[in-house]
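Student: I'm new to this one. Please walk me through it, and keep it brisk.

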Amino acid sequence: MIHLVLHLPEEAILGGPVHMRWMYPFERYLKRLKDYVRNATEPEGSIAEGYVVDEALTFCSRYFDDVETRFNRPDMNDDGIHPTRQLSVFESQCKPLGKQSYVELDNNARDKAEFYILNNSPELEPYLNEHKQELHVRPREGCYNINEVHRTEFAAWFFEKIYAMHRMQAPEVTTELLSLSSKTNMVVSSYPACIVNGVRFVTHDRDVRLRTQNSGVSVPGTGKEMFYGQLQEILEFSYLNGFSVVLFRCKWFKCDSKHMITENNITSIDINGEAYKDDQFILASQAKQVFYIADPSRGPNWRVVQHIKHRSIWDITDDGLSDINLLQHNSSSNFTLFVDLGNLQEINLLRRDQDVIPIVQPVTNASRHVTDDSSFLNNADEVELSDEEDESVEEFTDEETDAENDIDTEEDDDDRSYHASDSN
């Protein structure tokens, strides 16, 4: 077995990822063909008959609109269609799973959650900058942290400003903006699991009782750094006029060089340490799912971070390639595929190694006379030929006319002799 392991890196280098060359898809399909067998004495006929029946049912199912088939069946992690909002934070929705419970947050946790919602609204960037400018020009009493004051006072300042603009009937104050400036309810809804953007998330308390793992989350930072953690709570904050925002409260791990090590594109993290205890909330739409695998080489508290790509979910970015017509898209490369046809019209397609053989199409002789003038021209007066057309008409000579008359006379004699023989 040790000798076998020595060949695995070489096979990976030569053959690439193993899932691109293994035989499991074919073996699974053979199992499906074996299930078609109903008569053990004729297995080939049973497989052929079952395959034809499956193809016929598949073809017919494409025309069923009101029947659930394999083509219109919703995905297992389908979270439905959420309404489009003017403010992006109100689009942070989910499909809740499990029993709904109600949690009453203290003022400190509620203020932190509300400020995170306001601070992560791109539409509120002008108001955030305006409040920071006012803090810079405000007379200071002693030394204080402007960012901390901005975090604690922005919600009240924003509420007063929006309602003052609302009383003046400012057109930029919409119903969503007015609802966002108001306070949330003291009681929030909590769920043990949910589906966000086609991905299932489960809280850590419930995840430890399951064989599967769906509580690992990650969020990209401002630079290239990544933050990793575990999902603790799924909270839904309600606003006025029926608007709501779903937040994840997470336990974040320490991501410094002492607690996170990256070697050979493998990231290991210590889950024992906890960081950012005062900043635990993220929007549900911001979370990316990761899995944590035990790392026995470093200790019982170390886990290997495994990023995954979910089935039927793609991160589509607008990189200017939408207007390019790609002939094929079967490569994972980021390069644009193109075909240079060159000067195709200047290419001479005539073969020089073979002699040119002209093909002459034989022309059969046809009778020039018209047996029924009425079927050819209903009214001779309606047809008028121009001078050029009149000159182009071929004129028969006397010899050609006599020859045609002789041919017509012979045909008439043959017809009379034929009818006479039939009458006898």
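Tutor: One definition before we start. Helices and strands here are DSSP runs, numbered from the N terminus: at least four residues of H or I for a helix, at least two of E for a strand. Keep in mind that this is a predicted model.

Student: Okay. How many helices and strands does the protein have?

Tutor: There are 11 helices and 13 strands. The protein has 424 residues, and 26% of them count as buried.

Student: What share of the contacts comes from residues 24 or more positions apart?

Tutor: They make up 58% of the contacts with a separation of 6 or more.

Student: What about Cys 94, buried or exposed?

Tutor: Buried, because its relative accessibility is 11% and the cut-off for buried is under 20%. Cys 94 sits in the loop between H3 and strand E1 (95-97).

Student: Which residues does Cys 94 touch?

Tutor: Not counting residues up to four places away, they are His 82, Cys 194, Ile 195, Val 196 and Val 246. His 82 is 12 residues from Cys 94 in sequence, and 8.5 Å away from C-alpha to C-alpha.

Student: You keep mentioning H3. What does helix H3 reach from its first C-alpha to its last?

Tutor: H3 covers residues 43-61 and reaches 27 Å, close to the 27 Å expected for its 19 residues at 1.5 Å a residue.

Student: Which residues of H3 are buried?

Tutor: Ser 46, Gly 50, Asp 54, Thr 58 and Ser 61. Seen down the axis of H3, the buried residues fall within an arc of 100°, so they line one face of the helix.

Student: Why do residues three or four places apart point the same way?

Tutor: Because an α-helix has 3.6 residues a turn.

Student: What do the buried residues of H3 pack against?

Tutor: Helix H2 (24-34). The face turned away from the buried side carries the exposed residues Glu 44, Glu 49, Val 52 and Phe 59.

Student: What are the buried residues of H5?

Tutor: They are Tyr 127, Leu 128, His 131 and Leu 135. In the view down the axis of H5 they lie within an arc of 100°, so they line one face of the helix. That buried set packs against H4, H6 and H7. On the face turned away, the exposed residues are Pro 126, Gln 133, His 136 and Val 137.

Student: Which elements give two or more residues to the lining of the second largest pocket?

Tutor: Helix H4 (107-119), strand E6 (216-220) and strand E11 (281-283). The lining divides into eight nonpolar residues, five polar and one charged.

Student: Stay with E6. Is Ser 218 in there buried or exposed?

Tutor: Ser 218 is in strand E6. It has 1% relative accessibility, so it counts as buried. Beyond its neighbours within four places in sequence, the contacts of Ser 218 include Met 226, Phe 227, Gln 286, Lys 288 and His 307. Val 305 is 87 residues from Ser 218 along the chain, with 9.8 Å between their C-alpha atoms.

Student: Last topic, backbone angles. What is phi of Gln 169 near?

Tutor: Near 60°, a positive value in a residue other than glycine. Most residues other than glycine have a negative phi. Gln 169 lies in the loop between helix H6 (146-167) and helix H7 (175-181). It counts as exposed because its relative accessibility is 71%.

Student: And where is Asn 241?

Tutor: In the loop between strand E7 (226-238) and strand E8 (244-252). Phi of Asn 241 is near 65°, also a positive value. With 55% relative accessibility, Asn 241 counts as exposed.

Technical notes. Residues numbered from 1 in each chain as written. Predicted model: local features only at pLDDT ≥ 70, side-chain atom pairs only at ≥ 80, totals over all residues. Heavy atoms only, no water. Expected span 1.5 Å × (residues − 1). Buried < 20%, exposed > 50% of the residue type's maximum accessible area, 1.4 Å probe, protein only. Arc of directions from axis to C-beta. Contact = heavy atoms within 4.5 Å. Nonpolar A, V, L, I, M, F, W, Y, C, P; charged D, E, K, R; others polar.
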